[in-house]
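I opened this entry to record what I looked up in the model, one topic at a time.

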Amino acid sequence: GLCGVDSHQCVYARLPALSIARSSAQVPCIAVSHARARRWSRAYMLHALLSAACSFKLPALDLKLPSPSLAEDGRFGGGGYATALRVCADVLSSPNDSGGWRELGTLLHGKGRLDASAMALRRATQIEPLDSEAHVALAEVLRAAGRFEEAFASLRTAEAIDGRPNQALCYAGYGDRGGSSRGGGATSATDAVDFDALARRVGEVWLTEVASEEECEWVIATAEEHNAAKGGWACRQPRFAPEGTVANAVRAPDMLVADEPRLLAWLNDKCDHTILPALEAQFGIPARELWLYDTFLLKFSGTPGESGLGVHVDDDGFGLSFNVLLSDPADFEGGGTRFPPNAFSSEEAVYTPRRGQMLSHYGGLRHASVPCTGGLRYIMVGFVRAERLVELRLEDAAYGARTGEG
């Protein structure tokens with residue numbers, strides 16, 4: 001499907017041995033065996049898959065597999081050429097393995113090839129309808145493409161399979177799916193979309209009071225109690241931090257807010273009354289259109305690998321982000337958020353929120369943690385998506401924001 005082929009049977013070119021010859025007896029007959037035709041077909045298919053899975057167009061195919069030395073080429077981004085070669089080869093060698101298609105779809109998503117990624121992940125779900133991971137991965141791609149209703153359907157399917165809801169279905173906001181009293185959903189015909197105004201607003205960083213000191217103390221205590229009961233905090237791989245990158249070295253203790261029912265109820269109340277209304281005021285996008293799909297607590301310290309994140313964009317860089325400082329600034333050293341020069345500002349900016357303040361910004365603005373050098377610094381981070389942000393795309397602004405450091 002990724003290369004215009006509806007069925008994998010076509011890939012293997014079920015042809016009899018070929019004889020290519022002209023009528024002239026002076027032209028030698030070129031016999032191509034079935035095995036060679038199959039190898040050539042597989043080579044062309046692998047080349048096409050690699051061209052989609054990698055960050056730049058490959059050289060013209062010469063019927064040989066490209067050199068593994070390209071694994072060192074930085075243009076391929078995280079995972080490198082060797083990973084792309086392995087994943088694509090796995091799909092060709094085992095076209096009925098849903099895991100291979102799922103891995104290919106995830107790789108394509110990371111490269112920003114959303115349509116190709118969705119096709120690969122749909123193939124995975126067709127092969128194995130009970131592969132909940134493939135349904136979740138497909139939902140993430142559909143959400144990134146602004147196809148929210150299809151994304152919700154995929155998440156509901158995954159929930160029906162494994163019996164537990166994805167966190168993206170738990171939070172207040174878009175479509176009244178997280179327990180919010182707010183209705184609505186997609187942009188209506190009466191909602192005029194002022195893309196020029198929105199493009200201007202994505203360079204703004206706001207600070208908003210969202211929680212009291214007592215609430216912050218309660219959130220930290222509840223999180224510690226929750227993680228102590230399950231044997232300790234998780235230290236998962238950072239979002240969109242491929243193997244081998246600097247960001248991948250970070251393993252700060254973290255937890256999903258949706259995993260603790262008391263914290264989830266508290267957050268949804270905050271979304272209704274402060275967080276989503278503040279984002280609406282900042283970006284001009286109605287709160288009912290904002291989909292909060294990922295919220296987690298981070299616990300930074302002076303321990304190597306746990307002090308903070310280097311320069312990055314959040315998720316794929318096309319959403320909105322917020323983080324709330326939960327700790328008393330007297331309880332840690334360092335800390336804060338740094339924004340290098342970007343498409344919207346020629347000056348570096350550093351923000352050090354007060355306890356209970358929310359720092360909010362466009363996810364595509366490159367930013368970094370000011371390292372925590374002592375004590376404990378707890379923050380709550382949230383990623384938000386809106387369909388009109390996807391429509392806007394912000395290609396020029398996002399490029400400048402991502403490459404604007406230094």
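**Entry 1: α5 and α6.** I began with this pair of helices in what is a predicted model, and I noted that α5 and α6 run roughly antiparallel to each other, because an angle over 145 degrees is classed that way. The angle I read for helix α5 (residues 114-127) against helix α6 (residues 132-144) is about 155°, and their axes are 9 Å apart. I also wrote down that their crossing is left-handed. On the α5 side I listed L114, S117, A118, L121, R122, A124 and T125, which meet A134, H135, A137, L138, V141, L142 and A144 of α6. Sorting the residues of this contact by class, I found 10 nonpolar, three polar and one charged.

**Entry 2: α9 and α10.** I then turned to helix α9 (residues 213-229) and helix α10 (residues 261-283), whose axes come within 10 Å of each other and cross at roughly 150°. That angle makes α9 roughly antiparallel to α10, and I logged the crossing of α9 and α10 as left-handed. The residues of α9 that take part are E215, W218, V219, T222, A223 and E225, and they meet R262, L263, W266 and K270 of α10. By class, the contact of α9 with α10 divides into five nonpolar residues, one polar and four charged.

**Entry 3: L267.** Staying with helix α10, I picked out L267, which is found in that helix.

**Entry 4: V210.** My next residue was V210, in the loop between β3 and α9. With a relative accessibility of 6%, V210 counts as buried. Which residues does V210 contact, leaving aside its neighbours within four places in sequence? I listed E215, K270, T274, I275, V324, G356 and M358. For one of these, T274, I noted the C-alpha to C-alpha distance to V210, which is 6.0 Å across 64 residues of sequence.

**Entry 5: the chain as a whole.** I counted 12 helices and 12 strands in the protein chain. Of its 406 residues, 49% are buried. Taking the contacts with a separation of 6 or more, I noted that 73% of them join residues 24 or more positions apart.

**Entry 6: confidence.** The mean pLDDT of the protein chain is 76, and 68% of its residues reach 70 or more. Confidence is highest in strand β3 (residues 206-209), at a mean of 98, and lowest in strand β1 (residues 18-20), at 31. I marked residues 55-79, over which pLDDT stays under 50 and for which the model has 37 contacts beyond four places in sequence. I marked residues 177-190 as well, where pLDDT also stays under 50 and the model has 38 such contacts. Where pLDDT is low, the predicted coordinates should not be read in detail.

Key:
Residues numbered from 1 in each chain as written. Predicted model: local features only at pLDDT ≥ 70, side-chain atom pairs only at ≥ 80, totals over all residues. Heavy atoms only, no water. Axes fitted to C-alpha atoms, helices over the stretch in contact; angles between N-to-C directions. Helix = DSSP H or I, 4+ residues; strand = E, 2+ residues; numbered from the N terminus. Parallel < 35°, antiparallel > 145°, perpendicular 65-115°, else oblique. Left-handed = near helix turned anticlockwise from the far one by under 90°. Contact = heavy atoms within 4.5 Å. Nonpolar A, V, L, I, M, F, W, Y, C, P; charged D, E, K, R; others polar. pLDDT = per-residue confidence, 0-100. Buried < 20%, exposed > 50% of the residue type's maximum accessible area, 1.4 Å probe, protein only.
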